[in-house]
Amino acid sequence: PNLKNENITKYFGFDLNNWNLNTGLNFLKKQNYDIQNLITEQGSYFDFKTVKKAEIDIAFSQAVCSHLTLNSLIVMLKNLKPKMKSEGVLLSSFIIISNDNENGLELKKKFWKKTNKFNNEPHEVTSFFLKDPYHYDLKTISKVANICGWELYDCKDYDHDLQKMLFFKLI
């Protein structure tokens, strides 16, 4: 959607990295977005201190969860849950791979040969189960989400060569 035309009265931005927040704010200012109702918070424990209970309709994270351990993902999901309205949704991107091996274990390492969409140069990408950037099986994410009070209800391709957009709602 064109955010300039939407009837949204409040935005909240959270990142582990303050530089990312400032870069995003500068981009919005250059695009002449009104950011007076944009609240930002930086932290490493997903406290969401400046958000009231049951205040969020839609939460969105892009390329955050591919850098989170399962422990950090659990903290994020549990801390975000009380901040969501009952019909709220979370859209979050993940590197998703299939565990179609005989043991059903997460693959230790996954290699991709890709073409950079900005300069058309070939490059290789590696993701891991035990170190950053992380990949997960969809069943693993679904189970972790359930433990935290969320239901994973959809997984879609979007404009990213590795990640999938996952859709969650409160249980």
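This tour moves through aromatic pairs, charges over rings and salt bridges. The model is predicted.

**Stop 1: the aromatic pairs**

The whole structure holds eight aromatic pairs. Select Phe14 and Phe46 to begin. Their ring centres are 5.5 Å apart and their planes meet at 35°, so this pair is tilted. Phe14 belongs to strand β1, residues 11–15. Phe46 lies in the loop between β2 (38–42) and β3 (56–61).

Together with Phe14 and Phe46, they form one aromatic cluster.

Next, select Tyr134 and Tyr136. This aromatic pair is stacked. The centres are 6.2 Å apart, with 5° between the planes. Both tyrosines are buried.

**Stop 2: charges over rings**

Select Lys131 and Phe128. The charged end of Lys131 sits over the Phe128 ring, 4.5 Å from the ring centre. Then go to Lys169 and Tyr153. Here Lys169 lies over the face of Tyr153, and the distance to the ring centre is 5.4 Å.

**Stop 3: the salt bridges**

How many salt bridges does a search of the whole structure find? It finds four. Three of them follow, among those four.

Select Lys85 and Asp57. Their side chains meet in a salt bridge, 3.3 Å from N to O. Lys85 is in strand β4 (residues 84–97), while Asp57 is in strand β3. Lys85, at 34% relative accessibility, counts as partly exposed. Asp57, at 44%, counts as partly exposed as well.

Move to Glu124 and Lys113. In this salt bridge the closest N and O atoms are 3.3 Å apart. Glu124 sits in strand β6 (residues 122–128) and Lys113 in strand β5 (residues 109–115). They are 11 residues apart, and the pair links distant parts of the chain. Glu124 is exposed at 57% relative accessibility. Lys113 is exposed at 73%.

Finish with Asp157 and Lys164. Their side chains form a salt bridge of 2.3 Å, N to O. Asp157 is exposed, with a relative accessible area of 60%. Lys164 has 25% relative accessibility and counts as partly exposed.

Note on methods. Residues are numbered from 1 along each chain as its sequence is written. This is a predicted model: local features need pLDDT of at least 70, side-chain atom pairs count only at pLDDT 80 or more; totals for chains, interfaces and linings use all residues. Side-chain values use heavy atoms; hydrogens and water are left out. Rings of Phe, Tyr and Trp (its six-membered ring) pair if their centres lie within 6.5 Å; planes under 30 degrees apart count as stacked, over 60 as edge-to-face and the rest as tilted. Helices (H or I, at least four residues) and strands (E, at least two) are DSSP runs, numbered from the N terminus. Buried means under 20% relative accessible area, exposed over 50%, partly exposed in between (1.4 Å probe, protein chains only). A charge sits over a ring if NZ of Lys or CZ of Arg is within 6 Å of the ring centre and within 35 degrees of the ring normal.
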